[in-house]
Amino acid sequence: ALAAVGRTGSGLVGWVRGAAKARLLAGARAVAMPSRMETFGIVAVEAFAAATPVVAFAIPALREVVPDGAGFAVPPFDVAAYADALLALCTDADRAVAMGAAGRCFAAGYDWDALARRQAEVYREAVGAAAPARSGGAR
């Protein structure tokens, strides 16, 4: 479910996807990700792509995708710090806009086609490094 806290109100909107999700992310002042465990922060990257800053606990997977300047990764489970970060974004529109712009630049590095090409190159390098050296000797 997605809880939308935007410029015009708030509420629990339930499961959303596609264009509705994009509109909610783009219309939010911030995306709150108080996750205790994640395997990858795709929600954070999607928020950044929509130029919306993220507030998250600095758990391992989210530390990777919530950079300084694009959002806040506060100490895990520090509820007071989390609330302060959300308040900072909700009360300072200019800061939220600047962080959103930084987030959009960061998210551009998660182009799936570019990531797939880089991953394929890693595999090619690994296979090449593992291949036995060929000698020019007898067959």
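Does Thr 52 count as buried or exposed, and at what relative accessibility? In this predicted model, Thr 52 counts as buried because its relative accessibility is 1%, where buried means under 20% relative accessible area, exposed over 50% and partly exposed in between (1.4 Å probe, protein chains only). The model is a prediction in which local features need pLDDT of at least 70 and side-chain atom pairs count only at pLDDT 80 or more, whereas totals for chains, interfaces and linings use all residues. Residues are numbered from 1 along each chain as its sequence is written, and side-chain values use heavy atoms, with hydrogens and water left out.

The protein contains six helices and five strands, taken as DSSP runs (helices H or I, at least four residues; strands E, at least two) and numbered from the N terminus. From the N terminus on, the order of elements is β-β-α-β-α-β-α-β-α-α-α. Of the 139 residues in the protein, 28% are buried. The protein exposes about 9,000 Å², 60% of which is supplied by carbon and sulfur atoms; accessible areas come from the Shrake-Rupley method with a 1.4 Å probe, and for residues only the protein chains shown count as cover. Among contacts (heavy atoms within 4.5 Å) between residues at least 6 apart in sequence, 41% join residues at least 24 apart.

Thr 52 is placed in the loop between α2 (42-49) and β4 (54-57). The side chain of Thr 52 reaches the backbone oxygen of Leu 25 at 2.5 Å. With neighbours within four places in sequence left aside, Thr 52 is in contact with Leu 25, Ala 26, Ala 28, Arg 29, Ala 30, Val 31, Ala 47 and Gly 100.

Two packed helices are described by the angle between their axes and the distance between the axes. For α2 and helix α5 (residues 93-107), the angle is about 115 degrees and the axes are 7 Å apart. Axes are lines fitted to C-alpha atoms, for helices over the stretch in contact, and angles run from 0 to 180 degrees between N-to-C directions. Val 45, Phe 48 and Ala 49 of α2 make the contact with Gly 100, Gly 103, Arg 104, Phe 106 and Ala 107 of α5. By class, this contact of α2 with α5 has five nonpolar, two polar and one charged residues; Ala, Val, Leu, Ile, Met, Phe, Trp, Tyr, Cys and Pro count as nonpolar, Asp, Glu, Lys and Arg as charged, and the others, Gly among them, as polar.

Pro 60 lies in helix α3 (residues 60-63) and counts as exposed because its relative accessibility is 53%. The C-alpha atoms of Pro 60 and Gly 41, 19 residues apart along the chain, are separated by 9.9 Å.

Conventions:
A polar contact is a pair of N or O atoms within 3.5 Å; within protein, one must be able to donate a hydrogen and the other to accept it, and residues adjacent in sequence count only if both atoms are side-chain atoms.
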